[in-house]
Amino acid sequence: MSDNDATPKQITVTPGENRAPARGWFLKARGAAQGKPARTGQPGEPGASIEESLPHGMLVAGAWSWRLLVIGAVIAVAIFLVVQLRLIIIPLLIAVLISALLVPFVDFLHRHRWPRWAAIVAAMVSVIVVIGGLLYLAVWQVTRQSHELQTQSVAAYDQFRAWLTSGPLGLSESQISGALDSLTKSIQQDSQIFISGALSIGSTLGHVLAGVLLTLFSTLFILIDGRSIWNWIVRIFPKRARRAVDGAGQAGWVTLRNFVKVQILVASIDALGIGLGAFFLGLPLVIPIAVLVFLGSFIPVVGAVVTGALAIFIALIFKGWVFAVIMLAVVLLVQQIEGHVLQPLIMGTAVKVHPLAVVLAVAAGSLLAGIPGALFAVPVAAVLNVMVHYVSSGAWREGSAGPYAAPDTVLWQTVPRQPRRART
């Protein structure tokens, strides 16, 4: 290289060498480019700059710190916008979940020579009939046996108070009344976390109707023109990022479809198990119990237990504490079978979301957004996990479909597996 060549020399630092000279050269070159005099002081000497005086670990920690602060600020702004637009975001998320369930059904009908519009109409009508039929059966049975339920509840309450006063505890009426009042206040305060989400969705009848209509319209248009909508979203990003965004979105969509199918299967098994237990014990309101367990099971881990408490309560007031204990054993048995047999078998031990991550996601979602947050926490976490893994793997740079292009033919495969590479 000649003396007149202004191109800086490339310095290669091999592992194990002292990197201080390379860093000092970089700082001197940067100072020269900015018109500042070069400083030749060593770290800790008066002539050294601030960067040279700080340890390398401190510089790395500072660089990471401000980047993490920026990322946290972006996440906080995103959560704030979701909370402010919850009346639009929540129906849209429900529509995405329903569409993930109906797209395979629509494609199945279309492959069997159904017109596209007829397949979409059949899928929408099927969902409305199934959900409406289940809710109608539950409400009809509750209305039919509401008087008996009220009478049995009052009788069980009187018997419980009599046992507290005349039993081994020997409590007075004032002590019982004070304990019940404090318990009622505590339940009301703690329940605000869970009911706030439901109230925020539909605090009025108009919000409920608007949310239902928005969900139906969103589902309809996703089924009709979902691919074009996604292509429009991809075109918003820069050209260099479109391939990665498109591949990550397809991987997340496959994961969401499989997740919804798995959750419906798990919820059906939970509802069938707890419903059969209530039926064989001779409990009333078997259909409402099964419907509530089915709906509650879409909140993993805690949903079926909370809704199964209704069956335990009905067993207590109608049959006594012995049947209540048996019903409690049935609920816990169903949950153990789900957690230790069905989840590993259906989800797959290598691809399932870790139980600790599920519990933490449900807890965080319920604290942030109540019931909707608990409902959407796990699918959002699963989809984000797959999308981030796809982008970080770099498969989109290879120009092929990537490792997530395998068809979702296995029902229990929530995260698409990477195909085996052909031997050369």
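**Talking through the model**

User: What follows α9, and what is its phi like?

Analyst: This is a predicted model. In it, α9 is followed by Gly282, which has a positive phi, near 75 degrees.

User: How far apart are the end C-alpha atoms of α9?

Analyst: They are 62 Å apart. Helix α9 covers residues 239–280, which is 42 residues, and at 1.5 Å a residue it should span 62 Å, so the two values agree.

User: How many aromatic pairs are there?

Analyst: The count is one aromatic pair. Phe279 and Phe280 have ring centres 5.6 Å apart and planes at 65 degrees, so the pair is edge-to-face, the cut-off for that being over 60.

User: Are those two buried or exposed?

Analyst: Phe279 and Phe280 are both exposed.

User: What sits over the ring of Phe323?

Analyst: The charged end of Lys319 does, 5.9 Å from the ring's centre.

User: Changing topic. Which residues touch the most other members in the largest nonpolar core?

Analyst: That core has 21 residues, and Ile274, Ala278, Leu283, Ile289 and Met327 touch the most other members. At least two residues of the core come from each of α9, α10, α11 and α12 (321–347). The helix that gives the most is α11, with six residues.

User: What does Met327 touch?

Analyst: Leaving out residues up to four places away in sequence, Met327 touches Ile274, Gly277, Ala278, Leu281, Leu283, Ala311, Ile312 and Ala315.

User: And what does the second core include?

Analyst: The second core is separate and has ten residues, among them Val103, Ala119, Met124 and Val127.

User: Back to α10. Which of its residues are buried?

Analyst: Helix α10 runs over residues 286–296, and Val286, Pro288, Ile289, Val291, Val293 and Gly296 are buried there. Their cover includes α5 (116–144), α9 and α11 (303–319).

User: Now the whole protein. How many helices and strands are there?

Analyst: There are 13 helices and zero strands.

User: What share of the residues is buried?

Analyst: Of the 424 residues in the protein, 29% are buried.

User: And how much accessible surface is there?

Analyst: About 27,200 Å², with 70% of that belonging to carbon and sulfur atoms.

User: One more: what share of the contacts is between residues 24 or more positions apart?

Analyst: Such residues account for 64% of the contacts with a separation of 6 or more.

Conventions:
Residues numbered from 1 in each chain as written. Predicted model: local features only at pLDDT ≥ 70, side-chain atom pairs only at ≥ 80, totals over all residues. Heavy atoms only, no water. Helix = DSSP H or I, 4+ residues; strand = E, 2+ residues; numbered from the N terminus. Expected span 1.5 Å × (residues − 1). Buried < 20%, exposed > 50% of the residue type's maximum accessible area, 1.4 Å probe, protein only. Contact = heavy atoms within 4.5 Å. Phe/Tyr/Trp six-rings, centres within 6.5 Å; stacked < 30°, edge-to-face > 60°. Lys NZ or Arg CZ within 6 Å of the ring centre and 35° of its normal. Core = buried A, V, L, I, M, F, W, Y, C linked by side-chain atoms within 4.5 Å. Areas by Shrake-Rupley, 256 points an atom, 1.4 Å probe, with all protein chains shown as cover.
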